[in-house]
Amino acid sequence: MAGRPGQTGADGKPGKHADSGKHGSHGRQDGHADRDEPRAKRIRRSVYERELFRLQTELAKLQEWMRTTGARVVVVFEGRDAAGKGSTIKRVTEYLNPRLARIAALPRPTERERTQWYFQRYIEHLPAAGEMTLFDRSWYNRAGVEHVMGFCTKEEYGRFLHQCPIFERLLVEDGILLRKYWFSVSDVEQQRRFRSRLDDPMRRWKLSAMDTESITRWEDYSRAKDQMFALTDIPEAPWYVVESDDKRRARVNMIAHLLSSIPYHDVQPPPFELPARPPSTGYVRTPREMQTYVPDHAASLS
């Protein structure tokens, strides 16, 4: 499989790293960070950009393989607020066809949706043949924010933890390639990112009252995450943890792992040639003064 980063396991299923999806080495990220523990050196921008572009080239090959074979891919992005989920999704989809690679970032459920089976509104966004859906947060809202903030009852929470593994096994059994990523950020780095957003008018919109709650309820969210992992980290749909204090490293690590977990190969697109332009048949363009043009703002730039 030329050009593919990483490898799958001997059984053809995605290989699990020794610490991916287990909690031991990630405890400091979802508990209080150990200030004295050495962090991985931040990857240089030039190295990052070169590798990111290579991986994005592979994603384009994956897309063509999906289109040709009819494969269906679902990628779940979960994690703390400001953990880098959205920016990673942006890099994944940057060069992909938005008709085939769709982002599902669902708002609060409507009154009608609240009366439906919990998973019902997510099912509407599952991919058809040749498509990929990236869930920017997903059905796991119930195991996280809804549970911690009291937006669901204990009965609804317990029912979710019981039904979720069944639901995901059904997806995999039907042939969907399901990948679940948890972006793990330390409390120190999360706080730094929140503060940087306060003074940045381009990113201020990312802050909300829920973000302040994620600070004061840090350990509540940690317990909820641990319980979620304990009951939904199943062989058919394991969790993969992405260390995300360094966003550059997190992006390339996540994309490389996704590519390594899917048995795609390079598919040559059908030959395509541009036709010669036919000769004019006498069309005369409408006079320019009859149309309204946007002002040439670029001309005022020095």
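Okay, so, a quick definition to start: two strands count as paired if DSSP finds at least two bridges between them. Keep that in mind, and remember that this is a predicted model.

Now the sheet. Five strands make it up, in the order β2-β3-β1-β4-β5, and they pair in parallel, leaving the sheet open. At the edges you'll find β2 (101-104) and β5 (239-243); each has a single partner strand, so one side of each has no neighbour in the sheet. On average, neighbouring strands here are turned by 20° against each other, ignoring direction.

Let's zoom in on one pair. β1, residues 73-79, runs parallel to β4, residues 177-184, with seven bridges joining them. For instance, Val74 has Leu178 in β4 as its bridge partner. And lying across β1, β4 and β5 is helix α11 (residues 247-260), at about 160° to β4.

Next up, charges. Side chains of opposite charge can pair when their charged atoms come close. The count for this model is 21 salt bridges. One of them joins Glu168 and Lys180, at 2.8 Å from N to O. Glu168 sits in helix α7 and Lys180 in strand β4, so this pair ties together parts that are 12 residues apart in sequence. Buried or exposed, what is Glu168? Buried, with a relative accessible area of 0%, and Lys180 is buried at 0% too.

Another salt bridge links Asp174 and Arg72, at 3.1 Å. Those two come from loops, one between α7 and β4, the other between α2 and β1, so the pair connects parts 102 residues apart in sequence. Asp174 is exposed, at 52%.

Methods:
Residues are numbered from 1 along each chain as its sequence is written. This is a predicted model: local features need pLDDT of at least 70, side-chain atom pairs count only at pLDDT 80 or more; totals for chains, interfaces and linings use all residues. Side-chain values use heavy atoms; hydrogens and water are left out. Helices (H or I, at least four residues) and strands (E, at least two) are DSSP runs, numbered from the N terminus. Axes are lines fitted to C-alpha atoms, for helices over the stretch in contact, and angles run from 0 to 180 degrees between N-to-C directions. Contact means heavy atoms within 4.5 Å. A salt bridge is a side-chain nitrogen of Lys or Arg within 4 Å of a carboxyl oxygen of Asp or Glu. Buried means under 20% relative accessible area, exposed over 50%, partly exposed in between (1.4 Å probe, protein chains only).
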